[in-house]
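Trainee: I'd like to go through the labels on this one and ask what stands behind each. Can you put it up?

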There are 2 protein chains.
Amino acid sequence: MTKVFDKPEDFAAAALAGFCAANADRVRAVAHGAVRAAPGPRGKVALLVGGGSGHYPAFLGYVGTGLADAAVAGDVFASPSTAWIHGVAKAANRGGGVILGFGNYAGDVLNFGSAAERLRAEGIDARILAVTDDVASAGADERAKRRGVAGDLPVFKITGAAAEAGLDMDAVMAVAGRANDATVSFGVAFDGCTLPGQGTPLFTVDAGQVGMGLGIHGEPGISTRPMMPAADLARTLLDPLLAERPAGQDGRVAVILNGLGRTKYEELFVLWHHLTGLLSDAGLTPVDPEVGEFVTSLDMAGCSLTLTWLDDELEGYWRAPADAPAFRKGTVARPAAAAEDIGADAESAAQIVAAGPDAQAAGRCVAALIGHVARALADAEEELGRIDAQAGDGDHGQGMARGSAAAADAAEKAVQAGAGAGTVLSLAGDAWADRAGGTSGALWGVALRAWGQALGDDGKPSVQAVAQGAQAAHDAIVRLGGAQVGDKTLVDSLVPFVQVLNERVAAGEALGIAWAAAAARSTEAADATAQLTPRLGRARPLAERSLGHPDAGAVSLALCARVVGANLPG
Amino acid sequence: MTKVFDKPEDFAAAALAGFCAANADRVRAVAHGAVRAAPGPRGKVALLVGGGSGHYPAFLGYVGTGLADAAVAGDVFASPSTAWIHGVAKAANRGGGVILGFGNYAGDVLNFGSAAERLRAEGIDARILAVTDDVASAGADERAKRRGVAGDLPVFKITGAAAEAGLDMDAVMAVAGRANDATVSFGVAFDGCTLPGQGTPLFTVDAGQVGMGLGIHGEPGISTRPMMPAADLARTLLDPLLAERPAGQDGRVAVILNGLGRTKYEELFVLWHHLTGLLSDAGLTPVDPEVGEFVTSLDMAGCSLTLTWLDDELEGYWRAPADAPAFRKGTVARPAAAAEDIGADAESAAQIVAAGPDAQAAGRCVAALIGHVARALADAEEELGRIDAQAGDGDHGQGMARGSAAAADAAEKAVQAGAGAGTVLSLAGDAWADRAGGTSGALWGVALRAWGQALGDDGKPSVQAVAQGAQAAHDAIVRLGGAQVGDKTLVDSLVPFVQVLNERVAAGEALGIAWAAAAARSTEAADATAQLTPRLGRARPLAERSLGHPDAGAVSLALCARVVGANLPG
């Protein structure tokens, strides 16, 4: 279990600071991440990688020449927020656009996707690279649903080498896509890991058993089998990958034998001793194999095998030199650290332009409503936590209270700077996502930002603009979250709210009346959703549990709708 | 616990094979170790490092330009045998002599010391570098008694850089000695490690406690304290080292923050975050600090801090480029692998020259006696194990049976090749040490080899030569083992045996009568020793337990003396 920490909630931030201090000759700290001390040439496509902490050397250890330009670090096993990703991406951008690389998990998909939208809105060519290598997490016919595990390394390595070679964005993305399509992994677990400050592991494997196909955050696998000798374990790891060998592939493979933390180097070498024979029997030739710890899961016991089916182009990028704190290959002349002030972009606060008097009045109104919402969510924190704990991890109330409080603060500050309704709501959304954390924080962030952009800062928004804003918020959530009505997420109560609001407004009703009707329908839907939620408790997969806080998310959204409805002026 | 293995006894050998296969571009496998694929220039001083397995990246991961020329790997937590070290050292030698570097543990001191003697006897300039950095294991006034822990890395790194720079043997050893004197470490443990195939850890730390000053094989520390936050832990690691800061030292320090296996990178970074401030407060400037896993102890939870007080010369060697599988620094142009056949020396069997008829007859007699000893030890295996288990780890009977059986085989083969008594006994000793393993195997090996050299291969040995051989065997054991009568080792029964044998032979008695008297006195001493041995069981330090198998070693030696006495011809 994790033993070395101060306050558990400070673990990831302290680890980031320590990493940057220990590697001060190679990386430079920026808010919530690190960039190369010696950045690539102007115009180079930048690769930003990231995800939750707890996986070192993923992702900070990959920052260096020939690999990533920057990494962003979330809390332990939690996606970094949209704002964090956005900030580090701005610091990493060399003018050639930024690729946002991450493992394919719901929270990461949401936050990296949302950050990419914001970057593109600012004129930065931002692309998404979600690694999907874990064959245990979905079938070959559902490749896009697969999780990212240790395949992160070869996919990022090949992508980073292509970017370092000076290819343009479309060409780098073509290589990256081919690398991801060519990469498959399978993992086994012997025992779970324990989060800083917690007394029990995220999962356990019974003594004498081995879990097949487990993920890197305690996600359950596809089965358990009795523990076996190393020779059999080697075959168990390799066979599911051989089943996906592309037709006509000539046998060259990049290979990663990855330890998850507590399964040590010499155990991996014992496995490798067997794997060399099995690979050869299968007609495969390992190219620059890597045996060690590359994507860990705190102190989890287990290991995974990754193959990337190579062709001439992929092999060239896989073998190209690289020099990062945790991954070196070949010989790279270490460039001198740049004198320029990296990271200034990431820190610069948004400049607020004072709006006209009507817009400022509308801004004050929006800020007041957010204040009401924040107070209501603070009151409801315990109850929302209780609802969430029945099917999830019980932190939904805390996240909503924290996020809305931060949003109210940010709104108040924006008001004082003379912001209009649109800016107030957008900045409130950013603050909400930043402080609430998790998937629902990210969803609320993108929703409020989208709504704010619909409102704009030109005078007092019309009733129609408010309804269109609700629609925009809905669209952003559905686009990024991918959930539909019935999936037991906040979408279940959002959809009826938006639908009723738009119908009533289109019918010419006043905003207060239309809103109240919409909030009532939303509440009915939330109540129904909560009752439908199965009572699975801790046995439920973490990934599923964290996706949108089923039922509690719908309940809290309806609550917010009612609070705003009750306080709407006029 | 260690999970990945086939037969536990094959773990270290399979790990070595896997390591060499995974790093085939960098190292070449030799029997029981690895050498650089591209050896240093002819005439270069070679650095061979080693010790037990279970500590990766120590020691195999250190083989490369600017660091070690070769590494030899024993079984898990067990010293490599004299013959293994000797063989790998011959493969590593480039004509400039070989430095044998290891941590200061009884078994390693014995086997590396014995190997150095054999190398010197063959005209190779072999030197000993025992790393003694662990401040918890002995006081500053008993520096030579300290164990080697993660200080291995800076001491070997600095020594390797000096050798790479082309210094001659005396100059490299002067640098190495200064580096070792300047290096101090302190470690803490959160939980023990488990040997392959065993169900329980070597030791445990109570929940909520942290063990202070623990070693890297489950040796107990100096105390336990309640678990503390990372900030306090950082201070706890640093304070004992600051207490040994040399007067006038200017503050430059090489720093290693080392994880023992299960304490992961991000935990180490959290500690480093605090240590940077504490080092600065103490007026210390870290030079190229290393934060990671450098000397592990299987999956033990814990960490250690190492400082090397630098001056200009040591700093230069610390910062010099290096390129080994597990340690890279700066930029080294990777040399092409050599075409020459490395390792042929290590594999070549000793050539046996046929002796004269009398010497061959004496050789047959010696081989027959060893056969009797082997059969007696096989019969006594269980009883010796039972005696050993009362104070040690219970494997003495197994080691003696295995060693003597191998010795009898080797002796029989030597006889068939026409060897004289001296060669038969020497080769039997080598085989004994090789197969028995452990400290007592090494002692029996050097003893029989010394005895064999005293007998020689010229005709039938005289009674005086036999007695002188006994004395030579005694001297070799005392020189290498360092034990005295009363330390409850085989020396307790060896000394009276040798003393009585020499007295009786000097008085003109026949060999059979003199030997029988000596064996009887040896048996009395052994019985007394065994009764004196305290019954400490598993709580006893592993290092102490393994040192010469107290009491059981004395018993088995006396048994051998009786068996030989009963079967002596004439």
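Trainee: What makes A:Asp191 count as partly exposed?

Mentor: This is a predicted model, and in it A:Asp191 has 24% relative accessibility. Buried means under 20% and exposed means over 50%, so A:Asp191 counts as partly exposed.

Trainee: And why is A:Arg262 called buried?

Mentor: Because its relative accessible area is 12%, and the cut-off for buried is under 20%.

Trainee: How do you know that A:Arg262 and A:Asp191 meet in a salt bridge?

Mentor: The N to O distance is 3.9 Å, and the rule asks for within 4 Å, so the pair counts. A:Asp191 sits in strand β7 of chain A, A:Arg262 in the loop between β10 and α7 of chain A, and 71 residues separate them.

Trainee: What makes B:Glu293 and A:Lys264 a salt bridge?

Mentor: Their closest N and O atoms are 2.7 Å apart, against a limit of 4 Å. B:Glu293 is in the loop between β11 and β12 of chain B and A:Lys264 is in the loop between β10 and α7 of chain A, so this pair joins two chains. Both residues are buried.

Trainee: How many salt bridges are there between chain B and chain A?

Mentor: The count is 2. B:Lys264 with A:Glu293 also forms a salt bridge, with the closest N and O atoms 2.8 Å apart. Over all chains, the whole structure has 56 salt bridges.

Trainee: Which parts of chain B touch chain A?

Mentor: α1, α6, α7, β11 and β14 of chain B each give at least two residues to that side. The largest share is from α7(B), with 10 residues. The contact takes 53 residues from chain B and 52 residues from chain A.

Trainee: How is the size of an interface often given?

Mentor: Often as the accessible area that is lost when the parts come together. Between chain B and chain A the buried area is about 4,200 Å², and carbon and sulfur atoms give 63% of that. There are also 23 residue pairs in polar contact across this interface, both residues at pLDDT 80 or more.

Trainee: Back to chain A. Why does the pair of A:Arg319 and A:Asp288 tie together separate parts?

Mentor: A:Arg319 lies in helix α8 and A:Asp288 in strand β11 of chain A, so the pair ties together parts that are 31 residues apart in sequence. The N to O distance is 3.7 Å, under the 4 Å limit. A:Arg319 has a relative accessible area of 44% and A:Asp288 has 21%, so each is partly exposed. Salt bridges that share partners join both residues into one network, whose members include A:Asp250, A:Arg252 and A:Lys329.

Trainee: How do you know that the span of α14(B) agrees with what a helix should have?

Mentor: Its 19 residues should span 27 Å at 1.5 Å a residue, and the end C-alpha atoms are 27 Å apart, so the two agree. Among its buried residues are B:Val466, B:Ala470, B:Ala473 and B:Ile477. Just after α14(B), B:Gly482 takes a positive phi of about 75°.

Trainee: Last one: what makes β7(B) and β8(B) a strand pair?

Mentor: Pairing needs at least two bridges, and these strands have 2, in the antiparallel sense. B:Ala189 has B:Gly211 as its bridge partner in β8(B). β8(B) also pairs with β9(B), antiparallel over 4 bridges, and there B:Gln209 has B:Pro226 as its partner.

Technical notes: Residues numbered from 1 in each chain as written. Chains lettered and ligands numbered in written order. Predicted model: local features only at pLDDT ≥ 70, side-chain atom pairs only at ≥ 80, totals over all residues. Heavy atoms only, no water. Expected span 1.5 Å × (residues − 1). Buried < 20%, exposed > 50% of the residue type's maximum accessible area, 1.4 Å probe, protein only. Contact = heavy atoms within 4.5 Å. Buried area = accessible area lost by both parts, 1.4 Å probe. Salt bridge = Lys/Arg side-chain N within 4 Å of Asp/Glu carboxyl O. Polar contact = N/O pair within 3.5 Å; in protein donor to acceptor, adjacent residues only side chain to side chain.
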